[in-house]
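Dear colleague,

I am handing over the structure below, followed by what was found in it. Please keep it open beside you as you read.

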Amino acid sequence: MQPVLEILAHHLPDSALSWLERTVRDAADTHAFDRDVFLIAFGSAARHVGTTPVPLTSDDARLLHLCAQDAVYGDSPHRRASRSDEIVRTALLQFAAERISAAEVEMLLEECFRLGDTREREAVLRTLPLLPRPERFLSIAIEACRSHVQPVFEAIACDNTYPASHFPDLNFNQMVLKAVFTGVALKRIVNLSARITPELARMAESYASERRAAGRNVPADINLIIPVAMSTQ
């Protein structure tokens, strides 16, 4: 976690850095992974380091292995701002994944997601593409798409490479339509164009037709899924 300390040193107060340094030191000094210590640190990260947006450069993101975001947007203005608690939680999850068995990692993520608050769930979802064998966390990602908590849904649907890389067509299509329903900008769905199928286009066309028949506005960016001529019929 040393890169985390070096980067956050420029953005966090001394008290937050002291807590993080103690957490890293205790983890490094412990030969056996302590699940309880981890869960306490994971849950209390926001209280200790805050939720301040951290203006990461592309080099920072690569150093922190936040490739899911950086590989897509680089330094473009559409890149989502990482927050201090999320960076710390991502680093903690990666730290744990290097030290415990695959089965233990799966159980740990399940616990962090199911028992966590909204911010903790967001961090879990945004970390999924960065962990070894990310396909094994598909059930967590699909469950997040069903969430009525918009930030949780957006954590998996937006600026995240996981759905395009691992979702079956049915689940990906459902996620995209929910994004349309909830007003999420479709440009935030990573690699959407590569996952458009005739069925997704049909679903989007049906939705647009229903909106027009009811005299309602059709989201302009639905043209990312269906041809312009089709969406204006």
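Arg-35 has a relative accessible area of 31% and is therefore partly exposed, and the side chain of Arg-35 meets that of Glu-111 in a salt bridge with an N to O distance of 2.4 Å. Because Arg-35 lies in helix α3 (residues 35-49) and Glu-111 in helix α7 (residues 102-115), the pair ties together parts that are 76 residues apart in sequence. Glu-111 also counts as partly exposed, with a relative accessibility of 25%. Please bear in mind throughout that this is a predicted model, and that the values are computed from it.

In total, twelve salt bridges are counted in the model. Side chains of opposite charge can pair when their charged atoms come close.

Elsewhere, salt bridges that share partners join Asp-85, Arg-89, Arg-119 and Glu-122 into one network.

A further salt bridge is formed by the side chains of Glu-98 and Arg-99, at 3.1 Å from N to O. Are these two residues exposed or partly exposed? Arg-99 has a relative accessibility of 47% and counts as partly exposed, whereas Glu-98, at 64%, counts as exposed; the cut-off for exposed is over 50%.

Turning to the packing of helices, the axes of helix α8 (residues 118-127) and helix α10 (residues 150-157) come within 8 Å and cross at roughly 10°. Angles under 35 degrees count as roughly parallel, and α8 and α10 are therefore roughly parallel to each other. On the α8 side the contact is made by Thr-118, Arg-121, Glu-122, Leu-125 and Arg-126, and on the α10 side by Pro-151, Val-152, Glu-154, Ala-155 and Ile-156. Sorted by class, the residues in this contact are five nonpolar, one polar and four charged.

Terms used. Residues numbered from 1 in each chain as written. Predicted model: local features only at pLDDT ≥ 70, side-chain atom pairs only at ≥ 80, totals over all residues. Heavy atoms only, no water. Salt bridge = Lys/Arg side-chain N within 4 Å of Asp/Glu carboxyl O. Helix = DSSP H or I, 4+ residues; strand = E, 2+ residues; numbered from the N terminus. Buried < 20%, exposed > 50% of the residue type's maximum accessible area, 1.4 Å probe, protein only. Axes fitted to C-alpha atoms, helices over the stretch in contact; angles between N-to-C directions. Parallel < 35°, antiparallel > 145°, perpendicular 65-115°, else oblique. Contact = heavy atoms within 4.5 Å. Nonpolar A, V, L, I, M, F, W, Y, C, P; charged D, E, K, R; others polar.
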